[in-house]
Amino acid sequence: MSESFIYRPERAGLWKYLPAAAFAAITLGGFAVGIQTLRAIPADKWSEMADWKKVVQGESTRILTSQLNEKFIFSKAFAATERAVSWNLARDTGAQVRPGCTGWFFLTDELSSFDGAAQNAKARAWMVGQVATLLKAQGIPLVVAVVPDKARMESSHTCGMYRPAAFGPRMDQWIGELQQAQVPVLDLRLPLQAVTGERYYRTDSHWNEAGANAVAAYIATQLRQKQWISSDAAPLNADSVKSRQGERMGDLYKVSSLEDLPAWARPATEITTLSEVAPVVVNSDDLFGDSGLPALSLIGTSFSLRGNFVPFLSRHVGAPVANLAKDGGAFDGAAQAYFHSKEFSQDAPKLVLWEIPERMIQRPFEPKERAWFERLRQGKL
């Protein structure tokens, strides 16, 4: 015999108010969150949404939706929770990063093939050759330094991560093309291979201080042997380099959106050498001469901004180095900015060093880079 459930409010006591109280709390909480989110939207966005044309076209709705998603006060907490779950359950590091062995991250760009890769590489080799020709006409030598991929140099830490076999000879091929164009080129695999231990940061796409210092010493030696610089190296000792061991969170850690997670929910940060390198000071009595100008001007990428590379290079060169590299500058960013600047036109450099990462040479062309290609075809920097 079955017995149907009969609800008797007199027996429920105060618990009978729980559903209504929960509903009211959720409603009021949602209302409060909504008000705070709306208040966080900037006044200029409200003005933009008030344009009647955008209202009619539905653009105002899109802007409002975008702002609500962006300004939602719990968005960071929800995103952090999602990243923590994704990392701890699936070791997911997002689309731009791949996890290697424990504690090692690698940039997806170093593992990705691109359409027209060979043609892109040849076009960039021609561009470098044309830049060298145009600089030579002004009496300015150009030296190119090619930076190998982290996945190439630290392959023992990739733990079997797939890297296309065609990437094996691409540095040799591109360096060969530069040499055919009569461009002096330095293969930075040589000094990095000579480093005992790790050459790159574990959670960063760039070389660490050991790698940067080895590369800087190699470059200075090559420039001195070719008689492009004549200064003696400045000492690297306890007085000029103050080093300590410290915690460092690399760019791949941040690109993976793991930096905001609590320590227990994210991979361990790297303990590495962190140094302060004293700058090289040139004392010159040549008040109106150029003896106090930098020995070389450096253009390149974020590699030139990591691992104390430029301070080390300056000490190995024994003279100041003008660091004109750009974060996120890709192949052409720093070069275009420098060659089209007043600094270049008014104070001609003694020597230009162009640092180019391997991972940049086969990438598809951006519109700005293609426009520079056309400019170089016209014989203009």
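**Entry 1: α7 and α16**

I started with how α7 passes α16 in this predicted model, and the crossing is left-handed (the near helix is turned anticlockwise from the far one by less than a right angle; clockwise would be right-handed). Helices here are DSSP runs of H or I with at least four residues, numbered from the N terminus. The two axes, α7 and helix α16 (residues 367-377), come within 10 Å and cross at roughly 50°. That angle makes α7 oblique to α16, since angles under 35 degrees count as roughly parallel, over 145 as roughly antiparallel, 65 to 115 as roughly perpendicular and the rest as oblique. I took axes as lines fitted to C-alpha atoms over the stretch in contact, with angles from 0 to 180 degrees between N-to-C directions.

Next I looked up who touches whom, with contact meaning heavy atoms within 4.5 Å. From α7 I noted Ala-123, Arg-124, Trp-126, Met-127, Gln-130, Val-131 and Leu-134, and from α16 Glu-369, Trp-372, Phe-373, Leu-376 and Arg-377. They divide into eight nonpolar, one polar and three charged (Ala, Val, Leu, Ile, Met, Phe, Trp, Tyr, Cys and Pro are nonpolar, Asp, Glu, Lys and Arg charged, the others, Gly among them, polar).

Housekeeping for myself: residues are numbered from 1 along each chain as its sequence is written. The model is predicted, so to speak of local features I need pLDDT of at least 70, and side-chain atom pairs count only at pLDDT 80 or more, while totals for chains, interfaces and linings use all residues, and side-chain values use heavy atoms, leaving out hydrogens and water.

**Entry 2: α7 and α9**

I then checked α7 (residues 117-136) against α9 (residues 170-180): their axes come within 9 Å and cross at roughly 35°. This crossing is right-handed. Ala-121, Lys-122, Arg-124, Ala-125 and Val-128 of α7 meet Trp-174, Glu-177 and Leu-178 of α9. I noted five nonpolar, no polar and three charged residues in that contact.

**Entry 3: the largest pocket**

I finished with the largest pocket, about 350 Å³ in volume. On a 1 Å grid over the protein atoms alone, a pocket is an open set of points where a 1.4 Å probe fits, with protein on both sides within 12 Å along at least five of seven lines, and lining residues have an atom within 4 Å of a point. Of its 19 lining residues, Leu-107, Asp-109, Gly-328, Arg-359 and Met-360 are the closest to the centre. Helix α12 (residues 251-255) gives the largest share of the lining, three residues. By class I have five nonpolar, eight polar and six charged.

Notes
Points joined across faces, edges and corners; volume = space filled by probe spheres on them. Helix = DSSP H or I, 4+ residues; strand = E, 2+ residues; numbered from the N terminus.
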